[in-house]
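Subject: Structure for you to look at

Hello,

I am passing on the structure we talked about.

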Amino acid sequence: MRGYTLISGTSNIELAKKISKNLDLPLAEARIKRFSDGEINIKIEESVRGKDVFIIQPTSAPANGNLMELLIMTDALKRSSAKSITAVVPYFGYARQDRKAEPRVPISAKLVANLMQTAGITRMITIDLHASQIQGFFDIPVDNLYGAILFKEYIQMKNFKNPIIASPDIGGVARARYFAKSLGLEMVIVDKRREKANESEVMNVIGDVEGKDVIMIDDMIDTAGTMVKAASALKKLGATS
């Protein structure tokens, strides 16, 4: 693949190696080190002049370090005369902070979008953004890919006896409805109230799950509090599994 360069940060080396193998395109060499105070230093070890460069760097935990690494690597590539820089960010950190839910809070997803563009990223590829409207925070092309087809095939392979789709919260209804419709299944909703960050309280289950194999669909698991409490509520109402 002449004219293309594949390079990876440190957030998910195994993913980068698998992509490299699948494309039969070797990973470009980069020296990434951290100083004693935590600063990141990067050097691209080969020429990328005039190349279309793809950086594989999810901004998952630790989100701040991985984000800074992506930005610094992008700056290094831009200053090395790369033709274009595409960030492959399967997990887009700060996606949950996509609006002002209360006074005097930031819209961090927009800030991250600004930082990525200022650094020099010319296109972003991500998977299942927590909120689709985040695409509008960018003034560059954003490819928001969906993993639903892979999960649909997996669910069909499991051969559940009496399956039903569940959304663990109101915000995930559209996602769960897609699975329910495409698989020809019914759907229930767990209505919860979140009292504070990373803590949730299940309030009510909308729909009948008695004797059903419940398949909960969500896009992000952090502490798993939402999933655990939703599962507990569903089991109390008679869900088989």
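Predicted model: local features only at pLDDT ≥ 70, side-chain atom pairs only at ≥ 80, totals over all residues.

Five residues of domain 1 and five residues of domain 2 take part in the contact.

Interface

The size of an interface is often given as the accessible area lost when the parts come together. For domain 1 and domain 2 that buried area is about 440 Å², with 46% of it on carbon and sulfur atoms. On the side of domain 1, 79% of the area buried against domain 2 comes from Arg96, Asp128 and His130, more than from any other three residues.

One salt bridge is found across the interface. Arg96 also forms a salt bridge with Asp222, where the closest N and O atoms are 3.1 Å apart. Two residue pairs are in polar contact between the domains. Sorted by class, the residues of domain 1 that touch domain 2 are two nonpolar, one polar and two charged.

Lys51

Lys51 sits in the loop between strand S3 (40-44) and strand S4 (52-56). Beyond its neighbours within four places in sequence, Lys51 is in contact with Gly3, Tyr4, Thr5, Ala82, Lys83 and Ser84. Arg2 is 49 residues away from Lys51 in sequence, yet their C-alpha atoms are 8.6 Å apart.

Regards

Technical notes:
Residues numbered from 1 in each chain as written. Heavy atoms only, no water. Helix = DSSP H or I, 4+ residues; strand = E, 2+ residues; numbered from the N terminus. Contact = heavy atoms within 4.5 Å. Buried area = accessible area lost by both parts, 1.4 Å probe. Salt bridge = Lys/Arg side-chain N within 4 Å of Asp/Glu carboxyl O. Polar contact = N/O pair within 3.5 Å; in protein donor to acceptor, adjacent residues only side chain to side chain. Nonpolar A, V, L, I, M, F, W, Y, C, P; charged D, E, K, R; others polar.
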